[in-house]
Amino acid sequence: MTFPDDGFWNSRTSLREIKDYAVSRLVSPDAVLAVTLCRIIAATPPHVVLPPTIGSDYGSLNFGVVILGNPGPGKDAAFGAAKALVPDIRDAPVTSVASGQAISALFGQRVQEDGRFRLECKSPRAMLRYSEASNFRALSSARENNLQPEVLSLFSGQQIGDYTKNRELSVTIPEHGYRAVVVISAQPSMMGMFEAGVGVGFQQRFLYVSAYSDRLNVRAIDEEAVMLSSLRKFPYDTKLLPEDYPIEQMNRLYECGSYARANESTPETSHLRMRAMRLPSAVEREIIADKIRVNRERGGNPRRAHGMYLQTKLAAAFRLLEDPQSSAITQEDWDLADMMMQCSRKCYEENLREYKSENLNRRADCKEEDELIREQVDIRALRATEKRIVELLESSAQESVSRAEISRSLSKRQKLFMDEALENLTASGVIKCGKGRRGGDRYSLI
């Protein structure tokens, strides 16, 4: 059976094997591929960067993935399948953090030496994993919590961590001194969290993939699962990626606070150098043209902001997936990344529509429930009015009571139901209506 994206999955052995392995394990190939790329980037040293095509700063490879689906489609299973394909991420901790300060603590720590505190590199990489988007939202929405702003800094490889009053104890991680990827599993009901982040650029930092796949619909029930041993490209060997700098050099970088300062007092042979991946000239022209367009449109569609940046990161990840030792991104890498970006936008829009539809249905249900509640309240008020009228007639020393007297004995709310209450009591044979000497209505019990 053919699918619209067959060309994408059959373009490379690595992609075909990811697709076959994922389908055989009953998980979404898109989700498995996205997390596989995340794990490869997590294992890549932080000094491997993107070239300064825009501005003069290097770009970080750090990026994030959101796996979208209702409960039960296999969001966590897709994460597990990617872990089997890329089992080694060079001891990167895979964990969630509760605050921005906790992020910097993943990478660095203060140690006391000779009476003073020195900043050390604890780990140059980490994978932030939130199995429930609601957990991330709850943590980041807490008062004075800087989790979301710090996550924004992660994607650009900026310095993270804040200087405290006691600078000896502050933990600040230098720019491009760490590698970080973020994977969040979310239900469509959580799309509001990402929509609310459009204005600050949070929503645009992520690649969105679905936990569903039409390919799973045609998988034979008795089909045997694909074994890792049968694959040519996997398990992926992260030892072929560029090596990390020795921990002594990373400690020097952390203590000095930047690559430039760390290199000032060291011999040329021990300098910390950035390794920039190279882009095809056609891709560079496309990036520059897009930047000019954004400037002309004063930003344009905010949901497309950072789109080229994320696509470049994905292209780099495709290059490292195909050839871990290569630093030259190809046009094919770029085209594959573009296809993933299109898939991401489609996935986001579909889940956003579902989120809005759910919200409308929820609001309609609430409105309907409110109307039912008001109806019940009105019925109770009517019954109370009827009861009050009967009590008045029973206690009256007169044979009948005028309409005006009944009205004066009712509360302001009961007056609203008086006419209906009198009609009900008359129709049910509880009271009767007669005419007084002046022609007004008078009521009495039967």
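This report covers the overall build, surface, charge and one hairpin of a predicted protein model.

## Overall build

The protein has 446 residues. Its secondary structure comes to 16 helices and twelve strands. The radius of gyration is 33 Å, well over the 22 Å from the globule rule for 446 residues, so the protein is more spread out than a compact globule.

Taken along the principal axes, the C-alpha atoms fill roughly 120 × 65 × 45 Å.

## Burial and contacts

How much of the protein counts as buried? The share is 48% of the 446 residues.

Contacts were also sorted by sequence separation. Take those between residues at least 6 apart in sequence: 74% of them join residues at least 24 apart.

## Surface and charge

Charged side chains number 61 positive and 60 negative. The centres of these two sets lie 5 Å apart.

Strand 4 spans residues 108–113, and strand 5 spans residues 116–121. In which sense do strand 4 and strand 5 pair? They pair in the antiparallel sense, over six bridges.

Strand 4 and strand 5 form a hairpin, with two residues between them. Asp114 sits in the turn. The phi of Asp114 is positive, at about 55°.

Note on methods:
Residues numbered from 1 in each chain as written. Predicted model: local features only at pLDDT ≥ 70, side-chain atom pairs only at ≥ 80, totals over all residues. Heavy atoms only, no water. Helix = DSSP H or I, 4+ residues; strand = E, 2+ residues; numbered from the N terminus. Rg over C-alpha atoms; globule rule 2.2 N^0.38 Å. Buried < 20%, exposed > 50% of the residue type's maximum accessible area, 1.4 Å probe, protein only. Contact = heavy atoms within 4.5 Å. Lys, Arg positive; Asp, Glu negative; His and termini not counted. Charge placed at Lys NZ, Arg CZ, Asp CG, Glu CD. Pairing = 2+ DSSP bridges.
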